[in-house]
Amino acid sequence: MNVELISWTNDPIGTCAKAASMCYKSEPSRNTVMGCVRSGHHSILEHANYTFEITGVSRALLAQLTRHRHASYSVESQRYVKYDDLDFVTPDCDNIGWVQAVGGYTLDAYKEMIDDGWKPEDARSVLPNATPTNLVMTMNLRSMMNFMNERLCSRAQTEIRKMAKLMKDAVLSCPEHIEMDNKIINKILVPKCERYHIPFCPEIKSCGRHERLEDIVK
């Protein structure tokens, strides 16, 4: 898996500051952005966009990723791309050899269908969720905040949690960010248990990092 930040809004957090200043008829300030984050005024974050090139992730991850609807996706097409070989994306498990064997079997079936004259868009039906894919994705900062709340959670699947961490690292390395920008990024791109001033776990089954809200209320 590889995640690269390839494009972004000019001065992303500064743009959010300008948007916030319009609301309050004030001078643009990153402190105002931080205040908006604390107060839940998150719409100003929609003015900052980040575009990523993501390669070597599974189709299973893609199915989860597109549930985050406020984003733009351009994905390698299985209708038009033919595969001679595939490096299947396999989970960390004891049956890794079995997973790879099944992937090899389905790839052989796929290639046989292509040789028999099937179109790639039809032959792809035999390929597993472990089939790798590549994409370009654009998210605004508000949507990314929601994405990180869900996918940095310890209960998220390992592959998409790894991708979320790489995305956050890529955003933090944006060359236009100043120190205050990364302070804001580190405040909002967190698992949902860290989203509020008093941390708590909203999941029914907690990983144990923080107490469940239900237990705190009791």
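Reader: Which residue forms a salt bridge with Arg142?
Author: Arg142 meets its partner with the closest N and O atoms 2.6 Å apart. A salt bridge is a side-chain nitrogen of Lys or Arg within 4 Å of a carboxyl oxygen of Asp or Glu. This is a predicted model: local features need pLDDT of at least 70, side-chain atom pairs count only at pLDDT 80 or more, and totals for chains, interfaces and linings use all residues. Residues are numbered from 1 along each chain as its sequence is written, side-chain values use heavy atoms, without hydrogens and water, and the partner of Arg142 is Glu46.

Reader: How many residues apart in sequence are the parts that Arg142 and Glu46 tie together?
Author: Helices (H or I, at least four residues) and strands (E, at least two) are DSSP runs, numbered from the N terminus. Arg142 lies in helix H6, and Glu46 lies in the loop between H2 and E2. So the pair ties together parts whose separation in residues is 96.

Reader: What relative accessibility does Glu46 have?
Author: Buried means under 20% relative accessible area, exposed over 50%, and partly exposed in between (1.4 Å probe, protein chains only). Arg142 counts as partly exposed at 33%. Glu46 also counts as partly exposed, and its value is 36%.

Reader: How many salt bridges are there by this rule?
Author: Asp11 and Arg30 meet in one, at 2.9 Å, N to O. Arg30 and Asp181 meet in another, at 2.5 Å, N to O. By this rule the count comes to 6.

Reader: Which residues are linked with Arg30 in a network of salt bridges?
Author: One partner sits in the loop between strand E1 (2-8) and H1, 19 residues from Arg30 in helix H2. The other sits in helix H8, 151 residues from Arg30. The network links Arg30 with Asp11 and Asp181.

Reader: Why do the buried residues of H8 line one face of the helix, and within what arc do they fall?
Author: Helix H8 (residues 179-188) has buried residues Asp181, Asn182, Ile184, Ile185 and Ile188. The arc is taken from the directions from the helix axis to the C-beta atoms. An α-helix has 3.6 residues a turn, so residues three or four places apart point the same way. Seen down the axis of H8, the buried residues line one face because they fall within an arc of 155 degrees.

Reader: Which residues of H8 are exposed on the other side?
Author: The buried residues of H8 have cover that includes helix H1 (12-24), helix H2 (30-39), strand E2 (49-58), helix H6 (141-151) and helix H7 (158-172). On the other side of H8, the exposed residues are Glu179 and Lys183.

Reader: Which residues lie closest to the centre of the largest cavity?
Author: On a 1 Å grid over the protein atoms alone, a cavity is a set of points where a 1.4 Å probe fits but cannot get out, and a pocket is an open set with protein on both sides within 12 Å along at least five of seven lines; lining residues have an atom within 4 Å of a point. Grid points are joined across faces, edges and corners, and a volume is the space filled by probe spheres set on the points. The largest cavity holds about 100 Å³ of space. Of the 14 residues that line it, the closest to the centre are Cys153, Ser154, Cys193, Cys201 and Cys207.

Reader: Which element gives the most residues to the lining of the largest pocket?
Author: This pocket has a volume of about 380 Å³. Its lining has 14 residues, with Val89, Thr90, Pro91, Asp92 and Glu159 nearest the centre. E2 and H7 each supply at least two residues of the lining. The most, 3 residues, come from H7.

Reader: Which elements give two or more residues to the lining of the second largest pocket?
Author: This pocket has a volume of about 240 Å³. Its lining includes Val37, Arg38, Met145, Asn149, Lys187 and Ile188. The elements giving two or more residues are H2, H6 and H8.

Reader: Which residues is Thr106 in contact with, leaving aside neighbours within four places in sequence?
Author: Thr106 is found in helix H4 (residues 96-115). At 11% relative accessibility, Thr106 counts as buried. Contact means heavy atoms within 4.5 Å. Apart from those neighbours, Thr106 is in contact with Phe88, Val126, Leu127 and Pro128.
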